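Here is a briefing on the structure shown below.

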Amino acid sequence: MDSWTDPQIKMMREGGNTKLRDWFKERGVPVNMRISAKYQTPDAVYYGKRLKALCEGKESPAMPPRQPVDISVDYSRGDPAGKEKLKGESDEQYIARQRKLNEAAKERMRQKFGGSSQSMGGCGSDPSYQPGGACGGGG
């Protein structure tokens, strides 16, 4: 989280996954709905607007009336950068897209942390690390 901005941290603290799941449950958004569709529902859009207003100290928008969510409606075509298969995508296309995304992620990690094949040097990479002690083997 050291690369997160203060507003992003505030949004996670005020919102977060647990609160969003609770909101979806309260509003009747099905758990088994595709993630890409779930995040495009009117209730998800409202949640995002309400959270942004809260974090910016603004007045929340009016809450939409609760309506049943029809899981047969695809609110999204899918997320091209996501793990789910896109609507109309063949298995071969899906696998190729996932490989490309994986390689792009590896390249971003190389650019951020260097191209070394050695570990990144965090506490979890230190074989002398002792739980409860300081990073670097303290104990």
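**Salt bridges and overall build**

Glutamate 103 forms a salt bridge with lysine 106, with the closest N and O atoms 3.7 Å apart. A salt bridge here is a side-chain nitrogen of Lys or Arg within 4 Å of a carboxyl oxygen of Asp or Glu. This is a predicted model: local features need pLDDT of at least 70, side-chain atom pairs count only at pLDDT 80 or more, and totals for chains, interfaces and linings use all residues. Residues are numbered from 1 along each chain as its sequence is written, and side-chain values use heavy atoms, without hydrogens and water.

Salt bridges
- The whole structure holds five salt bridges.
- Glutamate 103 and lysine 106 both lie in helix H5 (residues 91–113), three residues apart, about one turn of the helix.
- Helices are DSSP runs (H or I, at least four residues), numbered from the N terminus.
- Glutamate 107 and arginine 110 also pair, at 3.1 Å from N to O.
- Glutamate 56 bridges to lysine 58, with the closest N and O atoms 3.3 Å apart.

Exposure
- Buried means under 20% relative accessible area, exposed over 50%, and partly exposed in between (1.4 Å probe, protein chains only).
- Glutamate 103 is partly exposed at 44%, and lysine 106 is partly exposed at 41%.
- Lysine 58 is exposed at 55%.
- Of the 139 residues of the chain, 21% count as buried.

Fold
- The chain has five helices and zero strands.

Terms used. Helix = DSSP H or I, 4+ residues; strand = E, 2+ residues; numbered from the N terminus.
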